[in-house]
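The sequence and the structure are shown first.

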Amino acid sequence: MSAALAAVPVVVRPKAAGGCSDAPVLKERGQREVFCGLTGIIWLHRKIQDAFFLIVGSRTCAHLMQSAAGVMIFAEPRFGTAIIDERDLAGMSDANDELDRVVAQLLSRRPDIKLLFLVGSCPSEVIKLDLSRAAERLGRSYSPNVRVLNYSGSGIETTFTQGEDACLAALVPGLPATNVKSLMVVGALADVVEDQFRRLFAAIGIADVQFLPPRRSTLLPVVGPNTHYLLAQPFLADTARALEGRGATRLEAPFPLGVEGTTAWFEAAAREWNIPDAKFQAAIAPAATRASAALSRIRHQLAGKRIFFFPDSQLEIPLARFLSRELEMNLVEVGTPFLHRQHLATELEMLPAGTMLSEGQHVENQLDRCRAAQPDIVVCGLGLANPLEAEGMTTKWAIELVFTPIQGYEQAADLAELFARPLVRRAKLAA
């Protein structure tokens, strides 16, 4: 551990020898209980303020998004649907004509849209439409005022957070090129977190930091062989691959969850920029101290409690690291939809040795293991939460961890509270 990390005033367990770097992983391939990649639109449409997400697909998907977000009911939305009716699914009408008509109506009514995503809710074989060609055609028609890109949010091809990965990967080919040394933070963050990170990077001595996605499509970050990037989310494998195809280099770090993860995440950039340890420590100490103090007030509610993660958001392993090391929770099983060993190498090192890891899903088998273990709290998708609550278990919705600002020092206690509140509520109901 570096001098900078050693000086951070956070109480953690000693790192288990070997961690879980080489731990066996139970790989399951069965029925999945997760949302599709369309769900990413719910947070992405708020992040990129001049973008519009046009879902191209079935009426079922339109209802999903309306129900999941509720945005279309209360405000002028920045996502919508081009519904392909049953007659279109049978190939009785030209889907391209229908799509062109919807796009023309949308852009004439909404001149504020500068970036239009065509998001497939089904594979192209189902909707009878090649969205990449449609995006190229429409892009030529509306350039330079509107850029048109496409990606798939199909539940057959993606799960939950993969929608953000597909969206950001679609942006990468259009990023301006540069040879100047630069730092890019990759992954959608709440604006308040982005502002906090920008101030901390400036205090450390790294002033010019770019974020992908940007708040506006006209503020795309630049990329090139001297670009170094930090992943802010663990589910961005395609985006990372696309950035490295443009010459960028990933900085190895855990994810910025909790005091320890946030410190190590910033330290990775400080090390690349040769920032002196004393300057780095002085920059982070006030925020790290506040966060550590806030966590110490919550730790007694979680210490010793047993937690079970169903695979859902790909945040599971960084969350398990935070909960076990900084809040002394015991990990019964940590399931993740996909285990990207390279991006999670540091996280795996920091997990307690012997942690049961699973990748993929066979929901019936996982339910059996969960029931047998009777953990104190279960992290799972919406579809499993109510049945498990009915069986007397305490649950936390995985999707809430994606919608809530949880990254960074100032949010560390909020993240801990998300796990403490259900346990406190259950204890009060039982009293």
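## Parallel sheet

Within strand S14, Lys396 is the bridge partner of Val379. Strand S13 (residues 377-380) and S14 run parallel and are joined by three bridges; strands count as paired if DSSP finds at least two bridges between them. Helices (H or I, at least four residues) and strands (E, at least two) are DSSP runs, numbered from the N terminus.

The pair belongs to an open sheet of six strands with parallel pairing, in the order S1-S12-S11-S10-S13-S14. Strand S1 (25-29) and strand S14 (395-397) each have a single partner strand, so one side of each has no neighbour in the sheet. On average, neighbouring strands of this sheet are turned by 20° against each other, direction ignored. Helix H16 (residues 363-373) lies across S1, strand S10 (306-309), strand S11 (330-336), strand S12 (357-361) and S13, and runs at about 145° to S12.

## Basis of the values

The model is predicted: local features need pLDDT of at least 70 and side-chain atom pairs count only at pLDDT 80 or more, whereas totals for chains, interfaces and linings use all residues. Residues are numbered from 1 along each chain as its sequence is written, and side-chain values use heavy atoms, with hydrogens and water left out.

## Helix packing

Helix H14 (residues 316-326) packs against helix H19 (residues 412-430) at an angle of about 90°, with the axes 12 Å apart. H14 is therefore roughly perpendicular to H19, a term for angles of 65 to 115 degrees. Axes are lines fitted to C-alpha atoms, for helices over the stretch in contact, and angles run from 0 to 180 degrees between N-to-C directions.

Leu319, Phe322 and Leu323 of H14 make the contact with Ala412, Leu415, Ala416 and Phe419 of H19; contact means heavy atoms within 4.5 Å. The contact of H14 with H19 has seven nonpolar, no polar and no charged residues.

## Backbone exceptions

Most residues other than glycine have a negative phi, and most peptide bonds are trans. A cis peptide bond with omega of about 5° joins Ser143 and Pro144, and Pro144 lies in the loop between helix H8 (131-142) and strand S5 (147-152). The bond from Leu212 to Pro213 is also cis, with omega near 10°; Pro213 is in the loop between strand S7 (209-212) and strand S8 (227-231).

Asn274 is not a glycine, yet has a positive phi of about 55°. Asn274 is located in the loop between helix H12 (258-272) and helix H13 (277-302).

Technical notes: Parallel < 35°, antiparallel > 145°, perpendicular 65-115°, else oblique. Nonpolar A, V, L, I, M, F, W, Y, C, P; charged D, E, K, R; others polar.
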